Amino acid sequence: MSVPIEPVAQLLSVALDSSVLLGGSGPLDSSVLLGGSGPLDSSVLLGGSGPLDLPFREGYVWSIIYVSLYVSLTAVTLSTLFSVPVAVLLGFAEFPGKGFVKSVINTGMGFPSVVVGLVVLFAVSNQGPLGALELIFTTEAMIMSQFVLATPPITAITLASVSGVDDGVRDAARALGGTRLDTALVVLKEARYGIATAILAGFGRAISEVGSVLIVGGNITSADGISKTRTLTTAIQLEARQGQYGTAMILGAVLVALVLTVNAVVVHFGDSGVTR
Amino acid sequence: MAALGAGAVASTAGCSSTDSGNGDGGDGTGGNGTDGSGSAGESIGVAGETLTLTTTTSTYDTGLLDAIHTDFEEMYGVTVDAVAQGTGAALETARNGDSDIVMVHARGLEDEFMRNGYGINRRDLMFNDFVIVGPESDPAGIQGMSSATEALTTIAEAEAAFVSRGDNSGTHTKELNLWEAAGTEPGGDWYQETGSGMGEALNIANQQGAYTLSDRGTFISQRSEIDLTILVQGPIEDGPEILANPYGVMAVNPGVHDNANYDLAMAYIGWITSPGVQESISEYQMNGEQLFFPEAVSENPDFQQYVPEGWSSESSDE
């Protein structure tokens, strides 16, 4: 099992270089990510040398990495845009029942992904309220379910870190003549590490879950092995179903490397932003 | 009831593309024909559309579908989205109108699906068989038995470990039918429902030295990695006929789900039951062995494939 280690290190370094990964802007250029040129040549990762003869086809692994990142990054980006303002509002507002709202959000962190998948399935199924949009077995449906999964942890952790900002900071911002918006921005800046952690927690939840994307996505590839709705997790599930535990482990290593990479990039950007 | 489908053909032509193209700001991986916006694809028929096929893990995991689908996709300029779910789930997805065509292997469940009006134009597609596999030591002593039910009864009496799929798949359905035919109610510590796919079930049986029922295709594709051996053969190797494993294909009824891509589903059925593709199926091999035996092409009529088993116009209560 010494095969995966070197490629994992290479994957890390390559992904760290491509800031495209974090931008989330538009669809990732597939030629960059999936091209197989550069140090991450697929023959390195999947070469038949060694004890494991891997049956992956040309472009297969790259396409599932692409789908995994596309779905999870989009879902987390949308979720962040929704969760952070909500958390800030909740953090600033005082109203009866606030404790209950917090409890609901915290409970949401424990939603089983399979249940979320079923709920989204009912929504997007032909029979469901969104049936006319024909979202079943598409990446859009997968983004929806991962959005639902990622939102509670992002909201809850952001809320905790916003609430944890010293009251003195708020008071000082107000005393200096800041508007409510200025105050919010100051608090957000103070809470940035907590928020980064929140986003990473949401990303971790999204990219590692298998239950909901399997149900609403259908784990589809085209006949030539290019992923349409197959992610790393559902690919691992497929290999495990067939008893191909070795290849499942290798895909698992790729997934871990991917999460590690994204975390490293976020931490890197977070640190470089401090000096401002 | 069967005539209803034929009458609906003309009226549903092209309806599947009417509501595509809206609400899809994304990456073009959406539903039927969303690549071109709106009616751009109208003049070229089905090109660009997507056929959603729900099927069983045994057809998908053996790699058969990927091997033959390229031909269909090139012929019509379409995409086939094959979703491997297990027979029960595949039919349920179709029942909800989320797929256009199903390819499964549990005649009882298929018949129910047809009787409820969801499936039409069923064709026999191909077959292979089930085998009872177990450890070479064969603790219950079923090696070479010519009766599958007798073998199961022997396993139950010996209380030898048996792994059941327990997932409402075609193989699970067959296993339950076999127990019923054997007049034995499985249960107890020796009988384990795993709720897993065939490959996983084989691995679990392998690790526990247990018996299990497997389709021959999946067993062949995994045989090199496990120590289990075939103890009771299916009909392909002169075993009992009760272990036959026929696959059927049928279109989702557009009269029930008007967004089902019926045109393309029927094109697919026509294509996969054609002599050329049936030949490709028989040529598909894994580890040097043929996995599926085509049965759609025949000189003699076989009306039974179109209707639920035992159906006749006189006794119909529909």
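Colleague: Which way does helix 8 of chain A cross helix 11 of chain A, left-handed or right-handed?

Modeller: In this predicted model, helix 8 of chain A passes helix 11 of chain A in a right-handed crossing.

Colleague: And why is helix 8 of chain A called roughly antiparallel to helix 11 of chain A?

Modeller: Helix 8 (residues 139-163) and helix 11 (residues 192-208) of chain A pack at an angle of about 160°, their axes 8 Å apart. Angles over 145 degrees count as roughly antiparallel, so helix 8 of chain A is roughly antiparallel to helix 11 of chain A.

Colleague: What makes the contact between them?

Modeller: From helix 8 of chain A, the residues include Q146(A), L149(A), P153(A) and I157(A); among those from helix 11 of chain A are G194(A), I195(A), A198(A) and R205(A). By class, that contact has 11 nonpolar, six polar and one charged residues.

Colleague: Let's move to chain B. What are the bounds of its domains?

Modeller: Domain 1 of chain B takes in 2-128 + 246-306, and domain 2 is 130-243. Where they touch, 19 residues of domain 1 of chain B are in contact with 16 residues of domain 2 of chain B.

Colleague: Which helix of chain B gives the most to the domain 1 side?

Modeller: Helix 2 of chain B does, with three residues. Helix 2 (57-61), helix 4 (87-95) and helix 5 (107-115) of chain B each supply at least two residues of that side.

Colleague: How do the residues on that side of domain 1 of chain B divide?

Modeller: Six are nonpolar, 11 polar and two charged.

Terms used: Residues are numbered from 1 along each chain as its sequence is written. Chains are lettered from A and ligands numbered from 1 in the order in which they are written. This is a predicted model: local features need pLDDT of at least 70, side-chain atom pairs count only at pLDDT 80 or more; totals for chains, interfaces and linings use all residues. Axes are lines fitted to C-alpha atoms, for helices over the stretch in contact, and angles run from 0 to 180 degrees between N-to-C directions. Helices (H or I, at least four residues) and strands (E, at least two) are DSSP runs, numbered from the N terminus. Angles under 35 degrees count as roughly parallel, over 145 as roughly antiparallel, 65 to 115 as roughly perpendicular and the rest as oblique. A crossing is left-handed if the near helix is turned anticlockwise from the far one by less than a right angle, and right-handed if clockwise. Two residues are in contact if their C-beta atoms, placed from the backbone, lie within 7 Å. Ala, Val, Leu, Ile, Met, Phe, Trp, Tyr, Cys and Pro count as nonpolar, Asp, Glu, Lys and Arg as charged, and the others, Gly among them, as polar. Domain bounds come from an automatic or database domain assignment.
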